[in-house]
Amino acid sequence: MPLLTMSKGYNSDVEALRQKEYPHMNDGVYLDHSGATIYAKSTIDSFCAKMVTNLYGNPHSENFPAKLSGDVVDQVREKTLNFLGADPAHFDLIFVANATAAIKLVADAFRDLSEKTSDRRFWYGYHKDAHTSIVGVRELTYGQSYCFRSDLDVERWLRDPEANFVNSYHPGGLGLFAYPGQSNMSGRRLPLSWSGTLRQSEYLQNTYTLLDAAALAMTYPMETIFQDVDQAPDFTCLSLYKIFGFPDIGALIVRRESGHILTLRKYFGGGTVSMVATFGENWHRSKGLQAPTYKLHEGLEDGTLPFHSILALGEAIDVHKKLYGSMSRISDHTSYLTSRLFRGLTSLRHSNGQPLVRIYTENSDFEDSTKQGSAVAFNVLRANGQHVPYSDVERSANSAGIYVRSGGVCNPGGIFTALGYEPWMTERALSAGHHCGSHGISIIHRLPTGIVRASLGAMSTKQDVDTFLEFLRSTFLENDPEWRPSTRVTVRSPRADAFAFDLPVDYTTSSFPDVREVPRPRPILHHLPSAPEATPRVTPLAMNDLMQGLATVR
């Protein structure tokens with residue numbers, strides 16, 4: 001039985017749970033669960049207890065400590081599959097560093113196998129909401145890739161592959177279709193039926209499916225995906241720290257009927273081969289191709305596994321079940337909170353009636369957990385409709401002890417679609433000096449280059465949501481028609497709190513009215529009685545953005 005009694009919707013017992021299991025969350029409001037959720041104290045306690053009472057060795061050895069580690073790895077592998085609702089008879093699990101490592105393992109295998117095809121390449125299709133790591137696979141296809149711009153675009157292709165020019169170079173050849181179960185930008189959940197539909201297509205029998213479930217699995221019952229092996233993806237990648245907070249480890253869930261294709265990769269690491277010849281003719285024998293003597297994962301897990309982390313994973317699963325009962329209950333809880341956040345954001349309006357935020361979503365129902373995950377993407381607007389730089393929002397939130405994420409959030413297709421960018425506009429942003437990361441340009445020609453993302457987890461509470469809404473209201477809501485933002489910005493350093501940055505004397509603006517381009521001279525460290533005047537083309541708040549481009553003294 002779970003420790004807590006949970007009802008449909010919001011789980012008020014989490015408020016007490018926070019004090020007992022998450023004391024490390026008391027110093028702020030954490031709203032970046034899509035990046036990594038927070039670990040429970042009991043997980044750390046249980047893991048540490050096992051570490052100091054047992055002796056664990058390298059599982060590739062045959063001594064008793066090594067055998068103990070090997071047994072732990074086998075047990076946790078099966079426990080993880082069962083937690084995800086994936087029957088070990090039909091699915092295998094390959095431990096990897098994170099979801100990106102899982103994606104690369106699949107991509108490398110397809111690249112290697114494609115060298116044996118007639119055109120020495122494979123076709124790759126991916127959805128525009130894909131994470132950067134999914135997009136990157138296209139670079140292995142020698143130009144044979146296609147980005148689906150919408151769900152409808154995918155469904156038209158699945159319905160009639162021959163009538164679409166998605167893969168016109170070698171129709172019916174080796175292919176891989178990848179898409180996210182949930183947008184890591186907006187939280188929108190995509191259809192999970194595509195893998196089964198593709199498998200039933202006579203024309204697409206040589207095309208495999210890769211589901212990026214890193215964002216989805218954090219608050220979604222994964223048994224929905226794996227309960228029907230005929231409908232399940234061929235490959236599913238996960239970052240398990242997004243579910244449990246600790247340990248930092250990932251997994252690739254492989255449908256056994258499809259997994260053999262991965263064993264045809266070229267590279268082999270320690271522990272994945274049964275024999276290697278190093279003199280004369282070079283050859284090796286992959287364990288993955290020697291079933292039933294070896295299992296599929298034995299031919300794909302290169303080198304020594306992170307067996308201590310896998311031990312910690314087993315403890316994390318046990319604690320998670322004890323605290324929350326099931327992922328379905330977590331889904332109900334976070335769905336309630338996400339809806340509360342969405343409603344709160346849409347209710348915030350300036351005194352002139354203009355909305356405080358613009359929310360980016362293709363989903364109209366934030367209460368439906370099949371359509372919306374526990375993340376909301378938005379930008380803050382001034383009363384005149386212009387955008388507050390997302391970097392300013394995150395910086396102000398940090399100062400208030402509220403932790404969100406801002407920028408491109410590693411989702412280029414989703415970001416630029418939501419913001420209305422055309423290809424030439426991304427080129428202009430690049431030429432103006434914008435790049436991903438904290439030192440990019442927040443606004444170009446009054447158009448933001450990124451968003452603010454607030455995401456919730458199993459241990460989030462109503463108070464977290466309401467505190468964030470109050471922060472936005474008190475910080476950015478313009479109730480006074482004469483309200484003006486402060487023109488002075490001080491960039492603080494942990495080692496030099498009394499210093500403030502001065503703008504360099506050779507500062508200039510480009511011909512783009514809202515592009516901030518700041519040269520990188522050595523900063524001048526001294527006090528100024530007031531902020532320097534900007535050139536006529538830069539507004540006071542835009543000057544704030546410029547100052548954030550300067551490197552913080554650390």
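This briefing goes from the whole chain to its sheets, one of its helices and its cores.

This is a predicted model, in which local features need pLDDT of at least 70 and side-chain atom pairs count only at pLDDT 80 or more, while totals for chains, interfaces and linings use all residues. Residues are numbered from 1 along each chain as its sequence is written, and side-chain values use heavy atoms, with hydrogens and water left out.

**The whole chain**

- The protein chain contains 17 helices and 19 strands; helices (H or I, at least four residues) and strands (E, at least two) are DSSP runs, numbered from the N terminus.
- Of its 554 residues, 52% count as buried, meaning under 20% relative accessible area, where exposed is over 50% and partly exposed lies in between (1.4 Å probe, protein chains only).
- Take the contacts (heavy atoms within 4.5 Å) between residues at least 6 apart in sequence: 71% of them join residues at least 24 apart.

**The seven-stranded sheet**

- Strands of a sheet pair through backbone hydrogen bonds, either parallel or antiparallel.
- Here, seven strands make an open sheet with mixed pairing, in the order S2-S8-S7-S6-S5-S3-S4; two strands count as paired if DSSP finds at least two bridges between them.
- At the edges are S2 and strand S4 (145-148), each of which pairs on one side only.
- On average, neighbouring strands of this sheet are turned by 20 degrees against each other, direction ignored.
- S6 and S7 run parallel and are joined by three bridges; Leu210 has Phe235 in S7 as its bridge partner.
- Helix H3 (residues 64-84) packs on the sheet and touches S2, S7 and S8, its direction making about 115 degrees with that of S2. For such angles, axes are lines fitted to C-alpha atoms, for helices over the stretch in contact, and angles run from 0 to 180 degrees between N-to-C directions.

**The four-stranded sheet**

- Another open sheet has four strands in the order S11-S12-S17-S14, with antiparallel pairing.
- Its edge strands are S11 (357-359) and S14 (405-407), each pairing on one side only.
- Strand S12 (residues 375-380) is joined to strand S17 (residues 451-455) by four bridges, and Val376 stands opposite Ala454 in S17.
- Helix H12 (residues 327-347) lies across S11, S12 and S17, at about 15 degrees to S12.

**A covered helix: H4**

- Helix H4 (residues 99-114) has 16 residues and spans 23 Å from its first C-alpha to its last, close to the 22 Å expected at 1.5 Å a residue; the expected span is 1.5 Å times one less than the number of residues.
- H4 is mostly covered, with 12 of its 16 residues buried; among them are Ala99, Ile103, Val106 and Phe110.
- The buried residues of H4 pack against several elements, including strand S2 (91-96), helix H5 (132-135) and strand S8 (250-255).

**The nonpolar cores**

- A nonpolar core is a set of buried Ala, Val, Leu, Ile, Met, Phe, Trp, Tyr and Cys residues joined through side-chain atoms within 4.5 Å.
- The largest core has 63 residues, and those with the most contacts inside it include Tyr22, Trp157 and Met222.
- Helix H11 (residues 307-324) gives this core its largest share, 10 residues.
- Apart from this core lies another, of 32 residues, among them Ala109, Leu174, Val254 and Leu300.
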